[in-house]
Amino acid sequence: MTRTFLATLALTLTLAAPALAQDNGLTVYTSQHQALTQEWADAFTAKTGIPVAIRKGTDVLMANQIVQEGLNSPADIFLTENSPAMMMVQDADLFLPVAPETLANTPEQFRPQSGMWTGIAARTTMLVYNTEMISEDELPVSMLDLAKPEWQGRWGAAPAGADFQAIVSALLELRGTEETANWLVGLKQNALPYRGNFEAMRGANVGEVAAALIYNYYYFGDQAGTGESSDKLKVHYFANKDPGAFVSVSGGGVLKASDNPEAAQQFLAFVTGPEGQAILRDGHSYEYAIASGIEPNPALPPLSSIDSPDVDPSLLNAQEVVQLMTAAGVI
Ligand SMILES: [Fe+2]
């Protein structure tokens, strides 16, 4: 073999194995915000010297990939935006139990009883509405009202996304199959589908729709910046423990496939510990810090002010939600 060939071969091998399989390092599969994950990784590496490689994808994509790769996955850690994807991996029996001292970082309502993963952040569901198109007394009392005929063509959502599907999974857990299926029929009739939460919010801001059902951080993130996609909007939180006041838990877990489980546990302890949660609070993600007693970002209304329903994150069922949404023609 010639030198050139060997060099080419070496190059090919390097390219074929991207920076994921670092011997002494960690690989994080994440569907959390890229910037937040990177900040966590950088701070963890600075503190411990352990390199961290990140692979980013959506909740469902990454969960499916982990399930497919099984015990051969190069991933050590999985971080998500929402709980249903964590449950997919838990149901496939691919998590190691989270270290008890790490579990203790996160209050019980923000983690599953199983202890196979834990809550790393939270986000709240809300309706943003265009004040030029809708008055306060026209606002729906319940998220379920959005399926009524008077809301036809007047609201937007991003039904294909994991964020929205987590809301539907909360509805399913709280109200059961029939009510959820009926609501989805109303959604199909009434809601303009958008590609993402941000687009739905902007749609309400420019008056394509009067309101959009989104997560909090899209709005508060835009407000903290130029505000150009939210300056005509106000926030409406549903009350009375309505499904529309659902607080979604972002999860973190250590994978059985990890070849460095000690370092992986260390990473999860860091993310849920005071330093990791302070990074979340002080950064630009506008999600809620929930662990280690850290107060959330002061730009956000306190979680205690939101009359959210009690939903056990381990009861959220991604598969049935996808089936129901498919049956309703929403996705
Ligand atoms: Fe999101």
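I take helices as DSSP runs of H or I with at least four residues, numbered from the N terminus. I take axes as lines fitted to C-alpha atoms, for helices over the stretch in contact, with angles from 0 to 180 degrees between N-to-C directions.

The model is predicted: local features need pLDDT of at least 70, side-chain atom pairs count only at pLDDT 80 or more, and totals for chains, interfaces and linings use all residues. Residues are numbered from 1 along each chain as its sequence is written, and side-chain values use heavy atoms, with hydrogens and water left out.

**Entry: α7 and α12**

I looked up how helix α7 (residues 177-190) packs on helix α12 (residues 318-327), and found an angle of about 45° with the axes 9 Å apart. That angle makes α7 oblique to α12 (under 35 degrees is roughly parallel, over 145 roughly antiparallel, 65 to 115 roughly perpendicular, the rest oblique). The crossing is right-handed (near helix turned clockwise from the far one by less than a right angle; anticlockwise is left-handed). I list Thr177, Thr180, Ala181 and Leu184 from α7, and Glu320, Leu324 and Met325 from α12, as making the contact (heavy atoms within 4.5 Å). By class I have four nonpolar, two polar and one charged residues here (Ala, Val, Leu, Ile, Met, Phe, Trp, Tyr, Cys and Pro are nonpolar, Asp, Glu, Lys and Arg charged, the others, Gly among them, polar).

**Entry: α8 and α9**

For helix α8 (residues 197-205) and helix α9 (residues 216-224) I note an angle of about 65° and axes 9 Å apart. This crossing is right-handed. Asn197, Phe198 and Met201 of α8 meet Tyr218, Tyr219 and Asp222 of α9. The residues of this contact are four nonpolar, one polar and one charged.

**Entry: iron ion**

I find the iron ion coordinated by Asp163 (OD), Tyr217 (OH) and Tyr218 (OH), at 1.9 to 2.1 Å. Donors are N, O and S atoms within 2.8 Å of the metal (3.2 Å for Na, K and Ca), and water is not among the atoms, so sites may look incomplete. The donor spacing in sequence is D-x53-Y-Y. Tyrosine 217 is buried, at 6% relative accessible area (buried is under 20%, exposed over 50%, partly exposed in between, with a 1.4 Å probe and protein chains only).

**Entry: loop between α11 and α12**

Most residues other than glycine have a negative phi. I looked up tyrosine 286, which has a positive phi near 55° and lies in the loop between α11 (274-282) and α12. Tyrosine 286 counts as buried at 11% relative accessibility. Serine 292 is in the loop between α11 and α12, with a positive phi of about 55°. Serine 292 counts as partly exposed at 24%.

How values were computed. Helices (H or I, at least four residues) and strands (E, at least two) are DSSP runs, numbered from the N terminus.
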